[in-house]
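Thanks for coming, everyone. I'll walk you through one structure this morning, from the overall fold down to single residue pairs. Have a look at it first.

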Amino acid sequence: MNVFKIATLGTATAVLMGTTAMADSHACAITDGRVNIVGNEFPAIQSVAAAAIACASGVDAEANLTADHQKINLAGMSGDPAEYTSAVVANSSIVALINEDVIRPLDDLVAMFGADIPARQLITVDGNVMAVAFMANAQHLVYRSDVLEEIGMDVPTSYEGVLDAAQAIRAAGIMQNPVGGAYAAGWNLAEEFVNMYLGAGGEFFEAGTANVSINNEDGIEALEMMKALTAYMNPDYLTHDSNATSAEWEAGNVALMNMWGSRTGVLMDDEGAEMDVYSNTVAGGPLTVGDSGNAASTLWWDGWTVAKNISDVDAAATFQALAYATSPALLNEETMSQAVWLMDGFEAQPVNKGVLATVAAGASPYPMLPFMGLLHTAAGDNIADFLQGNESAQQALMDIEAAYTAAATEQGFLQ
Amino acid sequence: MKHSTFFWFVLPSAFLMLLFIALPVVSVVTQSLYTSHEQVLVTVENCGPFGCTPVTSIDQDATQALQAEKPLGKWAGLDIYKDRNHLAFAEVASAWVNADGLPDFGKTLMNLPFYKAMAFTLTYTFVVTPLTIILGFFIAVAVNSVAKALKGPTIFLTLLPFIVTPLVGSLILFWMVDARGILGAGLQWLTNNPDLSVKASTPLMWIMLMVYGIWHAAPFAFVVFYAGLQTVNTDSLEAAMIDGANRWERIRYVVIPHLFPLVTFVALIQLMDNFRVFEPIVSFSAQAHATSLSYAIFNDLGGETRLLSSAAATSVLTIIGIAILLSPVLIRTYRDFSKPS
């Protein structure tokens with residue numbers, strides 16, 4: 001966890017940063033090749049892509065950043081030559097690209113052009129560097145300090161504490177639905193279940209196999225807690241993704257929510273919200289559920305890859321442009337607060353507190369398993385019925401297991 | 001027509017139909033009969049910013065060797081069709097044996113993704129199609145009697161719902177029925193229930209999706225019927241008037257019989273369109289309440305791991321579904337045309 005120690009060192013590294021930035025600008029002399037980046041769309045990735053394109057300005061360089069990146073990156077990298085020379089991925093989405101063998105090991109390129117990339121940024125799979133990470137992300141509590149003060153309660157550290165605070169806020173007549181959360185049926189809802197289930201101390205698979213095992217007490221505890229929370233949410237919660245939940249927050253309707261660290265910057269700036277909302281928005285730590293003591297959150301990294309089916313010249317150009325874009329040269333006043341950057345020279349900002357606290361609390365990284373995506377999809381399709389009171393928690397868990405098993409059998413993970 | 005003339009005349013269209021209709025269908029059917037190879041799994045060590053962990057991963061070399069041997073994948077026959085995420089034969093059979101009466105059986109059935117999707121898709125198709133036709137017809141009759149100077153603008157405004165892209169049109173309605181939107185707040189005021197939320201209730205969500213479907217498709221029915229109305233024989237109408245028929249009787253006995261072949265046409269198109277209901281489910285974020293076969297295909301292809309065979313099987317089931325749905329109309333049309341006149 002070297003980066004987080006560095007982060008706290010703060011000013012000392014800021015001096016270093018200036019010199020490295022100058023040194024790195026030499027690396028940005030791409031004369032040949034092609035760069036085309038596909039990735040998700042949020043401020044940190046936009047900054048990285050813009051820097052990479054600026055670096056490769058002498059050659060053919062473009063980026064396609066969209067929330068639907070996962071639907072197009074595999075198709076866009078399967079051709080020969082691949083349309084996209086790089087995909088910006090996270091620890092969940094890199095798995096699909098590795099499964100289909102469309103990204104190349106980067107060891108040779110690291111040796112040639114990436115000598116100054118710190119080891120913590122290199123994502124290795126079976127000894128091969130497959131991606132270069134540039135930021136860390138996690139979900140954690142975001143709260144309204146003024147509202148908690150008004151009801152005279154401390155900042156909750158557990159979901160049980162969130163329920164108590166929510167009840168007090170509702171009883172005091174401050175807000176009708178004080179709890180928020182990205183509970184939109186599908187990927188978001190499944191992500192909340194993954195967090196909660198790990199927080200309850202569960203394991204998704206029988207060790208070393210693709211056999212799912214979530215129909216247990218931890219699974220029921222996780223689902224029951226999710227349902228208890230929804231009682232304090234806007235009744236439309238099944239349609240609220242991270243964007244809609246953030247909008248609810250900025251409208252001042254919500255006082256407590258589990259939210260992505262990469263989105264807290266938007267909540268705490270002075271755009272889109274009243275002053276008493278944004279100035280009292282604070283990033284807290286991760287929450288626990290029950291008595292397991294585990295953080296009910298997962299750690300994520302975002303990083304870039306290089307496509308396999310492209311020429312060596314294109315690969316070299318892509319690597320150099322992105323290595324430059326994720327070097328300390330990227331960090332300035334504007335970008336510093338956009339993410340928990342993994343580069344040297346990052347100084348933690350108040351908005352980053354939540355992610356750093358989640359790392360410090362020892363939350364587990366989101367599982368990088370080839371069949372985890374199938375379980376995630378199965379969970380996203382089958383939890384809403386339970387939350388709406390149409391079936392028992394056990395039935396929902398059985399449905400998830402059955403849907404996963406059918407899909408994993410089709411994909412050849414199970415016989 | 002000489003045979004050779006006929007041959008050269010239809011050749012381009014036959015070729016295009018083969019290329020764009022027959023081949024994709026063959027490809028989808030083939031895909032649905034094969035699954036991925038057995039994945040060769042190995043345990044490797046992954047390292048990253050959060051430390052190193054041993055994880056299960058796919059052995060690329062071994063998997064590639066399997067793939068090179070049989071590029072299509074593993075022959076699965078009808079296994080995909082029979083699995084739980086599609087027709088779920090085993091689950092339905094066990095539910096039939098174990099169910100405590102028909103309602104319990106129905107409940108178990110609705111818990112299976114295919115039958116849940118079919119329940120909504122069929123309800124949607126059979127509610128939206130007739131209502132679209134009826135509404136479209138009445139709009140056509142109404143517009144037809146508007147003063148000549150106003151006709152152009154009226155037709156344009158009436159066509160707007162059909163011109164607006166479905167994704168955008170449904171998003172607009174989605175925000176209007178939000179608890180804080182104009183329609184949502186209006187409903188709360190009307191029912192005197194401040195907690196009423198369209199997006200949180202399955203029945204209301206179904207109704208909203210169907211209202212959207214009718215709103216979107218009615219202009220299509222309207223424009224077809226309006227064109228038909230221009231060809232109604234004015235002599236017959238005048239004769240009916242002289243015979244003392246009122247406005248309704250003239251519509252009932254002269255206009256409707258005249259437009260009936262168009263009803264078949266609109267019904268055909270609408271049955272096909274509505275069976276493929278998709279955009280409003282995405283725009284309304286309605287997947288917790290309503291899914292359709294098209295949505296299931298989208299879901300299979302949109303996850304982190306694409307389920308190609310599953311999506312292909314659902315596509316074939318959709319084609320079969322449309323064929324069954326259209327067969328009565330097609331048989332009727334065929335009979336009408338093969339009647340000796």
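Let's start with the parts list. Chain A contains 18 helices and 11 strands. Keep in mind that this is a predicted model.

Now the overall dimensions. The C-alpha trace of chain A spans about 65 × 55 × 30 Å along its principal axes. How does the radius of gyration of chain A fit a compact globule of 415 residues? Such a globule would come out near 22 Å, and chain A has 22 Å, so the two agree. Of the 415 residues in chain A, 60% are buried. Next, the contacts in chain A with a separation of 6 or more. Residues 24 or more positions apart account for 75% of them.

Let's go inside. Find strand β7 of chain A, residues 256–260. Is it buried or exposed? Here 5 of the 5 residues are buried, so β7(A) is largely enclosed by the rest of the structure.

Who are its neighbours? One is β5(A), which pairs with β7(A) in the antiparallel sense over 5 bridges. In that pairing, Gln139(A) has Trp260(A) as its bridge partner. Another is strand β6 of chain A, residues 179–181. β6(A) and β7(A) run in the parallel sense, with 3 bridges. There, Asn258(A) in β7(A) stands opposite Gly181(A).

On to a helix pair. Take α11 (residues 242–250) and α12 (residues 261–268), both of chain A. Their axes are 10 Å apart, and they pack at an angle of about 30°. The crossing of α11(A) and α12(A) is right-handed. Which residues meet? From α11(A) come Ser242(A), Ser246(A), Trp249(A) and Glu250(A). From α12(A) come Arg263(A), Val266(A) and Leu267(A). By class, this contact of α11(A) with α12(A) has 3 nonpolar, 2 polar and 2 charged residues.

Last stop: the partner chain. How many residues of chain A are in contact with chain B? The count is 52, and they touch 41 residues of chain B. Several elements of chain A give two or more residues to this side, including α4 (69–78), β5 (128–144) and α18 (393–410). α18(A) gives the most, with 7 residues. By class, that side of chain A has 26 nonpolar, 17 polar and 9 charged residues.

Strands cross the boundary too. β4(A) pairs with strand β2 of chain B, residues 41–48, in the antiparallel sense over 2 bridges. For one bridge, look at Val125(A): its partner in β2(B) is Asn46(B).

That's the tour. Thank you.

Methods
Residues are numbered from 1 along each chain as its sequence is written. Chains are lettered from A and ligands numbered from 1 in the order in which they are written. This is a predicted model: local features need pLDDT of at least 70, side-chain atom pairs count only at pLDDT 80 or more; totals for chains, interfaces and linings use all residues. Two residues are in contact if their C-beta atoms, placed from the backbone, lie within 7 Å. Helices (H or I, at least four residues) and strands (E, at least two) are DSSP runs, numbered from the N terminus. Ala, Val, Leu, Ile, Met, Phe, Trp, Tyr, Cys and Pro count as nonpolar, Asp, Glu, Lys and Arg as charged, and the others, Gly among them, as polar. Two strands pair if DSSP finds at least two bridges between them. A residue is buried if 20 or more other C-beta atoms lie within 10 Å of its own, exposed if 12 or fewer, and partly exposed in between; C-beta atoms are placed from the backbone. Axes are lines fitted to C-alpha atoms, for helices over the stretch in contact, and angles run from 0 to 180 degrees between N-to-C directions. A crossing is left-handed if the near helix is turned anticlockwise from the far one by less than a right angle, and right-handed if clockwise. The radius of gyration is taken over C-alpha atoms; the globule rule is 2.2 Å times the number of residues to the power 0.38.
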